Amino acid sequence: SMHKAVDGMMAEYRKAFFTFGLGLIAFHMSALMFGWLLFGPLVATSITLCILVALRILWRYVVRIFQKFQLPKDMVISGRFSPEGDLYPGAGAGPGHEPGPDPYEHQTLGSLISREQ
């Protein structure tokens, strides 16, 4: 139940982020078109260049932020437990720790989770 809620929030977060990005692009494109409708070719061209430079800088920052905060796939821990026994890979507590809990602990956790659901 909690995992379903978190998965739903992640889906909504992605949709909101995507629509925010589309809104930024649409705003810049409308400003570009407004410049061409309102001003002559020389001024409109300079406005177009400024807007394109601003979009390029914005794109560069987006890529930089995504690269800075990207989590490598081997470092991702879902925290999800299932009674069937397929715990997430690499469940160790740190360097030098054996991956995964002992079998008895897993059986106990699985039975607790089954009763809770």
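This is a predicted model: local features need pLDDT of at least 70, side-chain atom pairs count only at pLDDT 80 or more; totals for chains, interfaces and linings use all residues.

A pocket, as the term is used here, is an open set of grid points where a 1.4 Å probe fits, with protein on both sides within 12 Å along at least five of seven lines. The protein contains three helices and zero strands, in the order α-α-α along the sequence.

**Largest pocket**

- The lining of the largest pocket consists of 13 residues. Those nearest the centre of this pocket are Gly21, Ile25, Leu58, Trp59 and Val62.
- Two elements, helix H1 (2-38) and helix H2 (41-69), each give two or more residues to the lining of the largest pocket.
- Helix H1 supplies the largest share of that lining, namely seven residues.
- By class, the lining of the largest pocket has twelve nonpolar residues, one polar residue and no charged residue.

**Second largest pocket**

- The second largest pocket is lined by Met10, Tyr13, Arg14, Phe17, Ile65 and Phe66.
- H1 and H2 are the elements that give two or more residues to the lining of the second largest pocket.
- The most is given by H1, with four residues in the lining of the second largest pocket.
- The lining of the second largest pocket divides into five nonpolar residues, no polar residue and one charged residue.

**Overall fold and burial**

- Of the 117 residues in the protein, 11% are buried.
- Among contacts in the protein with a separation of 6 or more, 36% are between residues 24 or more positions apart.

**Helix H1**

- H1 comprises 37 residues and spans 53 Å from its first C-alpha to its last, close to the 54 Å expected at 1.5 Å a residue.
- The buried residues of H1 are His28, Leu32 and Gly35, and what covers them includes H2.
- His28 lies in helix H1. His28 counts as buried because its relative accessible area is 15%, whereas the limit for burial is under 20%.
- Leaving aside neighbours within four places in sequence, His28 is in contact with Ile51, Ala54 and Leu55.

**Helix H2**

- H2 comprises 29 residues, and the distance from its first C-alpha to its last is 42 Å, close to the 42 Å expected at 1.5 Å a residue.
- Ala44, Thr48, Ile51 and Leu55 are buried in H2, and the cover over the buried residues of H2 includes H1.

**Thr48 in H2**

- Thr48 belongs to helix H2, and Thr48 counts as buried because its relative accessibility is 15%.
- A polar contact of 2.7 Å joins the side chain of Thr48 to the side chain of Trp36.
- Once neighbours within four places in sequence are set aside, Thr48 is in contact with Leu32 and Trp36. Leu32 is itself one of the buried residues of H1.

**Leu55 in H2**

- Leu55 is located in helix H2, and Leu55 counts as buried because its relative accessibility is 17%.
- Apart from neighbours within four places in sequence, Leu55 is in contact with His28 and Met29.
- Leu55 and Ile25 are 30 residues apart in sequence, and their C-alpha atoms are 7.8 Å apart in space. Ile25 is also among the residues nearest the centre of the largest pocket.

Notes: Residues are numbered from 1 along each chain as its sequence is written. Side-chain values use heavy atoms; hydrogens and water are left out. On a 1 Å grid over the protein atoms alone, a cavity is a set of points where a 1.4 Å probe fits but cannot get out, and a pocket is an open set with protein on both sides within 12 Å along at least five of seven lines; lining residues have an atom within 4 Å of a point. Ala, Val, Leu, Ile, Met, Phe, Trp, Tyr, Cys and Pro count as nonpolar, Asp, Glu, Lys and Arg as charged, and the others, Gly among them, as polar. The expected span of a helix is 1.5 Å times one less than its number of residues. Buried means under 20% relative accessible area, exposed over 50%, partly exposed in between (1.4 Å probe, protein chains only). Contact means heavy atoms within 4.5 Å. A polar contact is a pair of N or O atoms within 3.5 Å; within protein, one must be able to donate a hydrogen and the other to accept it, and residues adjacent in sequence count only if both atoms are side-chain atoms.
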